[in-house]
Amino acid sequence: MTTAVATKPSTDAIGRRRWATLTAKYGVYGGIVVLIVVNVFVSTDFISLSNLRVQLYQAVPVLIVALGMALVIGTEGIDLSVGAIIALSSAILPLYLGYGVWVSIALAIVAGGVAGLISGSLVAFARVQPIVATLAMMIGLRGLAVIMNGATAKPIDDMTLLNLGLTGWLSLPTMAYVAVVLVAIVAFVMRRTTLGRNLVAVGDNPSASFLSGLPVRRILLAVYIASGMLAAIAGILIAGHGAYADPANYGLNYELLAITAVVVGGTPLSGGQVRVIGTVAGTIFMQLVTATLVQNNVKNSYAQMIEAVIICIAVFVARESANR
């Protein structure tokens, strides 16, 4: 007769997992410090207000999209439609400016929410894999946005929209203050509300959550709607900054940028956790990587390879941490 003996992980394995856990939680902050120190010495005018504004203009839309992506990933999902929602919201703006700027902004955000509702319904009720449902939405919404705008970029001359995207207060862009408010709202929801706790539970174990009576489908709908609305807000800010509605080009690769920021920030792709501040740090880290490469004249092809390596390292560390 044989007796089953439980094997204990080796000391090396325990040490490796602890290292992976610490790296997943705090590695991004160390990376930010290293990149800032490097840029101070190798990049001209890195420590300047004008450079800070440029970095914020580029990073804020990614951060806003990444906030929604973090919520979706927290439920073990993914949202590939966010770039197309950016294009759709920018296409809606010039079409309805005749009814007032706030009407057009509201319609753009509602359109993002409806797109998220459709994606969430496909995932929650039709049980379509999130990557498939949102991929289909990405293709369809991009086509719809181009059709709505007649496949041409349309100028935006409304001062409210331009102020959102181009002007600022206390030397910082207005969109940076919008991002701070949205980060505070998402962090409050995740830390202080039942919805936030239920979202984490659904991502950790959807079957157990369903059996324990949690409204799993409503939670999935809520996170995809939130992701769509946040992507629409990013689209409004991008259109205001560019002074154009350009659905053929706006939002391209934003889904990848957002996923990268979330993963680098410590939110695992396996769900069950949402690191809001980590997502902010992940966005800053990736923006610093891009700025470092661009300011030192590294070719875009090499820059993409470096960013791919960073993504692979972040996913590997997250997997090792999740195996603890």
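Tutor: Two residues are in contact when heavy atoms of theirs lie within 4.5 Å. Take Tyr244 as a case. Leaving out residues up to four places away in sequence, Tyr244 touches Ala153, Lys154, Pro155, Ile156, Ala239 and Tyr250.

Student: What kind of model is this, and how are its residues numbered?

Tutor: This is a predicted model, in which local features need pLDDT of at least 70 and side-chain atom pairs count only at pLDDT 80 or more, while totals for chains, interfaces and linings use all residues. Residues are numbered from 1 along each chain as its sequence is written, and side-chain values use heavy atoms, with hydrogens and water left out.

Student: How many residues apart in sequence are Tyr244 and Pro155, and how many Å apart in space?

Tutor: Tyr244 and Pro155 are 89 residues apart in sequence. In space, their C-alpha atoms are 4.3 Å apart.

Student: How many helices and strands are in the protein chain?

Tutor: Helices (H or I, at least four residues) and strands (E, at least two) are DSSP runs, numbered from the N terminus. The protein chain has 13 helices and four strands. Tyr244 lies in strand β4, residues 244-245.

Student: What is the radius of gyration of the protein chain?

Tutor: That radius is taken over C-alpha atoms, and the globule rule is 2.2 Å times the number of residues to the power 0.38. Here the radius of gyration is 21 Å. The rule gives 20 Å for 324 residues, which is close, so the chain is as compact as a globular protein of that length. Along the principal axes, the C-alpha atoms fill a box of roughly 80 × 55 × 35 Å.

Student: Among contacts between residues at least 6 apart in sequence, what percentage join residues at least 24 apart?

Tutor: In the protein chain, 78% of those contacts do.

Student: Is Ser119 buried or exposed?

Tutor: Buried means under 20% relative accessible area, exposed over 50%, and partly exposed in between (1.4 Å probe, protein chains only). Ser119 has 0% relative accessibility, so it counts as buried. Ser119 lies in helix α4. Beyond residues up to four places away in sequence, Ser119 touches Ser81, Ala133, Thr134, Met137 and Tyr224. In the protein chain, buried residues make up 48% of the 324 residues.

Student: Why does Gln287 count as buried?

Tutor: Gln287 counts as buried because its relative accessibility is 11%. Gln287 is found in helix α12, residues 276-295. Not counting residues up to four places away in sequence, Gln287 touches Gln55, Gln58 and Ala59.

Student: And Tyr244: why does it count as partly exposed?

Tutor: Tyr244 counts as partly exposed because its relative accessibility is 40%.

Student: Which residues in the largest nonpolar core touch the most other members?

Tutor: A nonpolar core is a set of buried Ala, Val, Leu, Ile, Met, Phe, Trp, Tyr and Cys residues joined through side-chain atoms within 4.5 Å. The largest one here has 87 residues, and those touching the most other members are Ile64, Leu67, Ile86, Leu93, Ile105, Val276 and Phe285. Helix α10, residues 216-242, gives the largest share of this core, with 14 residues. Now look at Ile105. Setting aside residues up to four places away in sequence, Ile105 touches Leu93, Leu161, Leu164 and Ile236.

Student: Where does Glu76 lie?

Tutor: Glu76 lies in the loop between α2 (49-74) and α3 (82-95). Check the backbone there. Glu76 has a positive phi of about 70 degrees, although it is not a glycine. At 43% relative accessibility, Glu76 counts as partly exposed.

Student: What is the phi of Arg127?

Tutor: Phi of Arg127 is near 60 degrees, a positive value in a residue other than glycine. Arg127 lies in the loop between α4 (101-124) and α5 (130-148). Arg127 is exposed, with a relative accessible area of 65%.

Student: How many Å apart in space are Ile306 and Val37?

Tutor: Ile306 and Val37 are 19 Å apart, C-alpha to C-alpha, and 269 residues apart in sequence. Ile306 lies in helix α13, residues 300-322, and Val37 is found in helix α1, residues 11-42. Ile306 counts as partly exposed at 36% relative accessibility. Val37 also counts as partly exposed, at 44%.

Student: Which residues does Leu56 touch?

Tutor: Not counting residues up to four places away in sequence, Leu56 touches Pro61, Leu172, Pro173, Met175 and Ala176. Leu56 lies in helix α2. The C-alpha atoms of Leu56 and Val274 are separated by 23 Å, with the two residues 218 apart along the chain.
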